[in-house]
Amino acid sequence: MKRIDVVLKMRETGVIPLYYNPDLEVMKEVVSACYRGGMNIFEFTNRGDMAHELFARLVHWSSKEMPDLMLGVGTVVDAGTCSLYIQMGAKFIVSPLLNEEMARVCNRRKILWMPGCATASEIGKAEELGAEVVKLFPGPTVGGAKFLKAYLGPCPWSNIMPSGGVSPTLENLSEWFKAGAFCVGMGSQLITREIIENKDYKKLEETAASALKIITDLKK
């Protein structure tokens, strides 16, 4: 799987669900529900102790159960952690910040790297370093859809993925995609605490499918 394949899948799907739970079985249920809902790309967030060991087990499981799933890792902030996850099979790396060392590691291995940026200058720097897609983070608090639309006016070549606060509603998704979003990252607004507490993975599947349909319609 090449990094261009990941970019094309992002463009096709329009959304990357993201989540972390220390329980492997919960992670399997969440990934499976999103996958059944049509989201065959997923960001495992690197937030817990020994998270890399959990990710390795998730990779082994998903490669057998859903071999076309593109599984990547987010919340990576340094080159060492970046290398670790690439070695474990991450298909893409997402970061909340811009780290040049991470760019070098990912470019050397031809792995898609999506750094978090909050200004036009950061986005420009990320693209100079080879970022094909840039994460606008945290999306709503750095200017939201208005910033995205204003930025893409003079820089229409940029591929921007808003993340943080994106919700699976027609109103919210319309705002982002009409502003020119390439893709969106969706976490707690999609994979809610209520869903996890109630183990209502059918609801997650339905919400994922609904969000995907909204995005597909908006992109037509």
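The model is predicted, so local features need pLDDT of at least 70, side-chain atom pairs count only at pLDDT 80 or more, and totals for chains, interfaces and linings use all residues. Residues are numbered from 1 along each chain as its sequence is written, and side-chain values use heavy atoms, leaving out hydrogens and water.

**Exercise 1. Work out the order of the strands in the open sheet, and which strands lie at its edges.**

Let's start with the terms: strands are DSSP runs of E with at least two residues, helices are runs of H or I with at least four, and both are numbered from the N terminus. Two strands pair if DSSP finds at least two bridges between them.
- Step 1: the three strands run in the order β6-β7-β8, with parallel pairing.
- Step 2: β6 (116–117) and β8 (160–162) each pair on one side only, which makes them the edge strands.
- Step 3: β7 (residues 134–136) is joined to β8 by three bridges in the parallel sense, and L136 sits opposite P162 in β8.

**Exercise 2. Find the buried residues of helix α1 and decide how they are arranged around its axis.**

Buried means under 20% relative accessible area, exposed over 50%, and partly exposed in between, with a 1.4 Å probe and protein chains only.
- Step 1: in α1 (residues 3–13), V6, V7, K9, M10 and T13 are buried.
- Step 2: viewed down the axis of α1, these residues fall within an arc of 160°, so they line one face of the helix. The arc is taken over the directions from the helix axis to the C-beta atoms.
- Step 3: R11 and E12, on the other side of α1, are exposed.
- Step 4: after α1 comes G14, with a positive phi near 85°.

**Exercise 3. Describe the surroundings of N99.**

- Step 1: N99 belongs to the loop between β4 (92–94) and α5 (100–109).
- Step 2: its relative accessible area is 16%, so N99 is buried.
- Step 3: contact means heavy atoms within 4.5 Å. Setting aside residues up to four places away in sequence, N99 touches V77, D78 and W113.
- Step 4: the N99 side chain reaches the backbone oxygen of V77 at 3.1 Å.

**Exercise 4. Is K203 buried or partly exposed, and which residues does K203 contact?**

- Step 1: K203 lies in helix α10 (residues 201–219).
- Step 2: with a relative accessible area of 32%, K203 is partly exposed.
- Step 3: leaving out neighbours within four places in sequence, K203 is in contact with E194 and I195.

Methods
Polar contact = N/O pair within 3.5 Å; in protein donor to acceptor, adjacent residues only side chain to side chain.
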